[in-house]
Amino acid sequence: MTFNDIFKSSFLENIESVSIFDMCLVLILSFGLGMFIFLVYKKIFSGVMYSSSFGVTLVAMTMITSLVILAVTSNVVLSLGMVGALSIVRFRTAIKEPLDIAFLFWAIAVGIVLAAGMIPLAVIGSVVIGLILLVFANKKSSSNPYIVVLQCEDHESEVKAKEFLEKFTRRCVVKSKSAQKGMIELNMEVRLEDDNTDFINTLSEMNGVQSAVLVSYNGDYMG
């Protein structure tokens, strides 16, 4: 093959550039590994609201990537055009969970590796990554953080409420405080001794305490 032959391309020649067997094998494997990625994502998801469409996107992303790479590896001219075409694509969807980015890259990487013919690497690598994510993502923290939002009438009731919280929690730290005439609002991070949250009921009934709210907190959202 000469240098000029590399850049010769016709529609009819491209029809047989990828065999039917290769196409079916890549699509079946990419679908299977994409479903595995989807099941792992569904198993370890711990965000605010689960999105089934994102799980389907992971499967589709794996299959689409494998098709693109399979076409690129079969034709040099097409690979150059694909680089230019994909360079103008922009995605504006915001990804709120950092772990979702890892799943997207995982799906894309599996599609690339499969289309490149490295089937053992794609299968074994996906199994290892899935096991690691299942182990670490499902590992529960020994003490989950909570935020207590207090509204007190005066300084005296504020002091009593803080002493009460320090007595019934393992750790109590003031995160923010706002004061205005007739009301003081406190946001405090607490660590509970156990899963019992009945103390918040007693706290809300104390003299001078207008309201007491307890919410779970992981640093990204409350809920």
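**Figure 1. I44 at the end of helix α3.** I44 is buried in this predicted model because its relative accessible area is 4%, where buried means under 20% relative accessible area, exposed over 50% and partly exposed in between (1.4 Å probe, protein chains only). The residue belongs to helix α3, which covers residues 20-44; helices (H or I, at least four residues) and strands (E, at least two) are DSSP runs, numbered from the N terminus. Across 93 residues of sequence, I44 and A137 are 6.0 Å apart in space, C-alpha to C-alpha. As the model is predicted, local features need pLDDT of at least 70 and side-chain atom pairs count only at pLDDT 80 or more, whereas totals for chains, interfaces and linings use all residues. Residues are numbered from 1 along each chain as its sequence is written, and side-chain values use heavy atoms, with hydrogens and water left out.

Figure 2. Buried positions in α6 are D100, F103, L104, W106, A107, V110, G111, V113, L114 and A115. An α-helix has 3.6 residues a turn, so residues three or four places apart point the same way. Just after α6, G117 adopts a positive phi of about 90°.

Figure 3. M61 is located in helix α4, residues 52-74. Because its relative accessible area is 25%, M61 is classed as partly exposed. Not counting residues up to four places away in sequence, M61 touches L104, A107 and I108, a contact being heavy atoms within 4.5 Å. M61 and V110, 49 residues apart in sequence, have C-alpha atoms 9.5 Å apart.

Figure 4. A nonpolar core is a set of buried Ala, Val, Leu, Ile, Met, Phe, Trp, Tyr and Cys residues joined through side-chain atoms within 4.5 Å. The largest such core has 18 residues, of which V148, L150, L165 and L203 touch the most other members. Two or more residues each are supplied by β1 (145-152), α8 (155-168), β3 (183-192), α9 (199-204) and β4 (209-216). Strand β3 contributes the largest share, five residues. With neighbours within four places in sequence set aside, L203 is in contact with V148, L150, A161, F164, L165, V209 and A212. Apart from this core lies another, of 16 residues, including I37, Y41, V113 and A122. In soluble globular proteins, nonpolar side chains tend to be buried together.

**Figure 5. T169 in strand β2.** T169 lies in strand β2, residues 169-180, and counts as buried because its relative accessibility is 4%. A polar atom of the T169 side chain lies 2.4 Å from the backbone oxygen of L165. Beyond four places in sequence, the contacts of T169 are V190, R191, L192, E193 and F199.

**Figure 6. D154 in the loop between β1 and α8.** D154 occupies the loop that joins β1 to α8. Its relative accessible area of 36% is why D154 is described as partly exposed. D154 and G182 are separated by 28 residues in sequence, yet their C-alpha atoms are 6.6 Å apart in space.

Figure 7. The secondary structure consists of nine helices and four strands, in the order α-α-α-α-α-α-α-β-α-β-β-α-β along the sequence. Of the 223 residues, 28% count as buried. Among contacts with a separation of 6 or more, 70% join residues 24 or more positions apart. The mean pLDDT is 79, and 74% of the residues score at least 70; pLDDT is the predictor's confidence in each residue, from 0 to 100. Over residues 219-223 pLDDT stays under 50, and the model has nine contacts beyond four places in sequence for this segment. Where pLDDT is low, the predicted coordinates should not be read in detail.

Key
A polar contact is a pair of N or O atoms within 3.5 Å; within protein, one must be able to donate a hydrogen and the other to accept it, and residues adjacent in sequence count only if both atoms are side-chain atoms.
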